[in-house]
Number of protein chains: 4
Amino acid sequence: MFDKFERLSEEKQKRIINAVIKELANKGYKQASTDIIAKEAVISKGALFNYFNNKKGMFRYVFDYSVMIILEEFYEKIDVSKADVIERYKDAVLIKLELMNEYPDIFNFFTKVTLEDDAEINSIIEEKINEVYKESFAKLFSGLDMNIFKEGIDIQKAINIIIWSLKGYSDQLLLEYKKTKVSLSDIDNEKILNELNEYLELLKKCLYK
Amino acid sequence: MFDKFERLSEEKQKRIINAVIKELANKGYKQASTDIIAKEAVISKGALFNYFNNKKGMFRYVFDYSVMIILEEFYEKIDVSKADVIERYKDAVLIKLELMNEYPDIFNFFTKVTLEDDAEINSIIEEKINEVYKESFAKLFSGLDMNIFKEGIDIQKAINIIIWSLKGYSDQLLLEYKKTKVSLSDIDNEKILNELNEYLELLKKCLYK
Amino acid sequence: MFDKFERLSEEKQKRIINAVIKELANKGYKQASTDIIAKEAVISKGALFNYFNNKKGMFRYVFDYSVMIILEEFYEKIDVSKADVIERYKDAVLIKLELMNEYPDIFNFFTKVTLEDDAEINSIIEEKINEVYKESFAKLFSGLDMNIFKEGIDIQKAINIIIWSLKGYSDQLLLEYKKTKVSLSDIDNEKILNELNEYLELLKKCLYK
Amino acid sequence: MFDKFERLSEEKQKRIINAVIKELANKGYKQASTDIIAKEAVISKGALFNYFNNKKGMFRYVFDYSVMIILEEFYEKIDVSKADVIERYKDAVLIKLELMNEYPDIFNFFTKVTLEDDAEINSIIEEKINEVYKESFAKLFSGLDMNIFKEGIDIQKAINIIIWSLKGYSDQLLLEYKKTKVSLSDIDNEKILNELNEYLELLKKCLYK
DNA sequence: TATGAATGAGGATTCATTCAT
DNA sequence: TATGAATGAATCCTCATTCAT
């Protein structure tokens with residue numbers, strides 16, 4: 001399918017992929033300009049269409065690539081030997097924040113992607129999510145110790161509350177940093193970690209034996 | 001400013017507003033087509049520009065309108081005499097779900113609007129949010145009984161966990177209905193209310209005296 | 001033809017005519033906006049088209065009107081008893097400058113009109129010029145004493161040189177005032193009259209006995 | 001700036017430039033249609049905007065081009081060794097008439113251009129005039145013998161009368177040819193030259209020693 | 001007779017995609 | 001294989017003219 005592209009030197013592939021992701025992250029699919037992408041990648045517009053056939057193909061390629069990159073890095077970093085639910089999810093959230101810092105364009109791209117209105121683009125996205133979902137879900141849940149919860153508590157509900165709280169906290173964090181236009185890398189980690197831990201201690205006191 | 005528009009028959013105003021909101025909800029600001037809006041509203045393109053001067057004006061008008069509609073309905077429905085934090089927020093979420101059911105296009109429009117690229121559009125949005133925020137915030141918090149929480153619990157953190165959990169639950173609900181393409185109005189209300197109450201009972205047991 | 005218009009009160013006719021001339025003077029025929037004219041005249045756009053049928057009719061009416069006004073004023077002011085060619089033409093130029101000061105919009109309108117590209121508009125203009133030309137030409141030449149020129153001089157050529165010099169001088173004057181954005185009414189008359197007289201003395205010395 | 005355009009074949013450049021000048025000469029800036037220009041030049045509308053970015057850029061390019069062409073031809077033809085004022089200006093006028101015959105669209109364009117309403121267009125024009133004025137002025141005046149005038153004559157005034165007379169004569173000529181719709185190239189040169197010389201002899205007899 | 005809302009063709013500009021070189 | 005010029009449909013917006021009230 002994209003063998004023409006993959007026969008290019010790795011350096012050129014990276015340059016092109018980064019240019020595509022950057023423009024998609026900035027503008028979303030429809031408003032992304034192939035002209036700007038070609039310029040940013042320092043290749044001709046014709047080449048872009050040779051490699052990916054059309055804009056949709058280009059999207060499909062870099063979306064698959066982006067998902068792959070993030071999952072690989074995530075799997076590498078997550079410690080599946082921790083049995084404590086809260087600690088495992090806390091790690092997951094912190095890794096996500098780290099990765100957002102390392103690959104900001106990819107995450108902006110993912111955010112933009114959630115609201116695309118093109119039917120074909122949406123099916124590409126959905127397809128990928130279905131493909132990836134089960135595997136990563138299993139990874140996140142494997143080997144957790146469910147006996148840690150208090151008697152009489154609905155474990156699935158408790159886990160959801162934990163996940164939603166962590167998501168709520170990190171979303172709030174990102175909103176603040178977006179508002180103040182401070183990069184994630186400028187985060188005062190200690191203060192945030194402390195605050196996060198306080199939330200998690202509260203949840204532990206509530207939910208754990 | 002928009003007096004030409006407001007001199008139209010109410011029926012026509014509604015038809016136009018709905019057409020604009022629908023297109024904005026589907027495509028976002030930049031990709032929304034004034035051509036399609038005019039066709040959907042069964043008016044000429046020229047008329048659209050007579051009423052709103054330009055696309056930005058059109059956006060401004062229906063955005064203000066949408067915010068007003070939703071807030072009015074919300075204020076009418078929310079019961080500010082309930083002092084129980086969880087019950088108050090549960091009501092807020094249920095009202096939001098009801099309104100999403102009643103005005104699905106407006107909520108899709110609001111969702112799309114969060115990711116607009118256009119600087120002027122963003123400032124229109126921000127301006128409105130600033131105008132509206134304090135008032136509605138006060139409404140949601142006024143008269144709450146904060147003594148209900150267990151001793152030693154950080155009240156702000158507890159409230160955040162409640163809010164995030166409610167948001168998490170309703171987001172999950174919406175995702176499910178979006179996936180199965182079932183309208184919110186087809187919700188089996190009893191089942192959902194039961195499930196929601198279970199979550200809230202869990203939180204009460206954890207956080208309340 | 002335009003009886004509907006002419007049945008209006010004189011005050012209203014004036015208001016409308018002035019609005020039309022002003023817009024035509026500013027923008028030329030094609031770019032003149034009937035909307036702006038209606039607003040300036042404080043009448044409805046529909047009325048404008050009732051009075052003049054269409055934009056062309058409107059043009060025809062105010063062009064005829066403008067030519068009539070200027071000619072009437074000119075004939076009233078020109079002293080046909082002066083037999084001296086140079087003095088007669090000097091008067092004509094000075095009267096023209098006076099009228100430009102009194103009716104600046106009309107003269108700007110006339111200037112714009114010379115470069116219209118609409119075929120029908122051009123034929124309206126040409127028609128009027130042909131109608132008016134002979135009469136005013138006769139007025140300007142009647143009763144001149146041609147014996148004043150030196151023997152052996154081609155009188156028609158001498159007259160042309162006089163006319164062209166006067167035109168050159170007044171054009172230069174207008175250009176200066178346009179450049180410095182000073183209104184004609186702010187002209188330092190004495191200085192200009194002196195300079196003009198010096199030109200005319202030179203011509204008299206050359207051409208007269 | 002316009003390198004994309006200048007990389008085209010000379011034939012295509014000419015075709016496009018001529019189409020642009022023709023439309024601008026006919027309609028003026030605002031009313032000129034890029035659609036018609038593209039059709040006349042037998043290129044796509046998109047191409048036009050690739051070459052010149054926008055309508056203003058297109059104007060700027062062909063205006064600069066036109067000024068350059070005319071000045072080059074003029075400088076090539078004017079004989080600066082003639083010291084006689086009248087002969088020098090006579091040459092200038094004859095060259096102008098020749099060039100009007102050779103490049104009628106350019107001169108119509110220049111005429112239209114004097115009455116443009118658009119502020120940016122006017123500043124482009126003024127800028128160019130300022131750039132070109134001094135140089136061409138110097139060319140026209142350099143090496144003239146001012147001792148040829150009679151004693152007691154104001155030389156500047158005499159020169160102005162010469163210039164205005166020449167301008168008057170050539171304007172009259174052009175008006176006649178415009179009226180009879182005869183092209184300048186059909187001019188009976190001998191008759192005109194004789195008449196022009198008679199005017200100039202009259203001026204010489206008046207003004208020269 | 002007067003109004004001004006409605007129309008729709010026409011205007012400048014953009015951009016994914018093609019294709020000759 | 002790589003290039004980038006060329007295309008033309010689609011975009012927002014304007015305005016003379018019409019016509020129901």
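A polar contact is a pair of N or O atoms within 3.5 Å; within protein, one atom must be able to donate a hydrogen and the other to accept it, and residues adjacent in sequence count only if both atoms are side-chain atoms. The structure is a predicted model, in which local features need pLDDT of at least 70 and side-chain atom pairs count only at pLDDT 80 or more, while totals for chains, interfaces and linings use all residues. Residues are numbered from 1 along each chain as its sequence is written, chains are lettered from A and ligands numbered from 1 in the order in which they are written, and side-chain values use heavy atoms, with hydrogens and water left out.

Of the atoms of DNA strand E that come within 4 Å of the protein, 59% belong to sugar and phosphate. DNA strand F is surrounded by 31 residues, with B:Ala32, C:Lys45, D:Lys12, D:Ser44 and D:Tyr51 the closest, and sugar and phosphate account for 59% of its atoms within 4 Å of the protein.

| Residue and atom type | DNA strand | Distance to phosphate oxygen |
|---|---|---|
| B:Arg7, side-chain N or O | E | 2.9 Å |
| C:Tyr51, side-chain N or O | E | 3.4 Å |
| D:Thr34, polar side-chain atom | E | 2.6 Å |
| B:Lys55, polar backbone atom | F | 2.7 Å |
| C:Thr34, polar side-chain atom | F | 2.8 Å |
| D:Ser44, polar backbone atom | F | 2.7 Å |

Turning to individual residues, B:Phe5 is found in helix H1 (residues 3-6) of chain B and counts as buried because its relative accessibility is 0%, buried meaning under 20% relative accessible area, exposed over 50% and partly exposed in between (1.4 Å probe, protein chains only). The C-alpha atoms of B:Phe5 and B:Phe52 are separated by 7.3 Å, although the two residues are 47 apart along the chain. A:Ile129, placed in helix H8 (residues 119-141) of chain A, counts as partly exposed because its relative accessibility is 45%.

Methods. A residue is near a molecule or strand if one of its heavy atoms lies within 4 Å of it. Helices (H or I, at least four residues) and strands (E, at least two) are DSSP runs, numbered from the N terminus.
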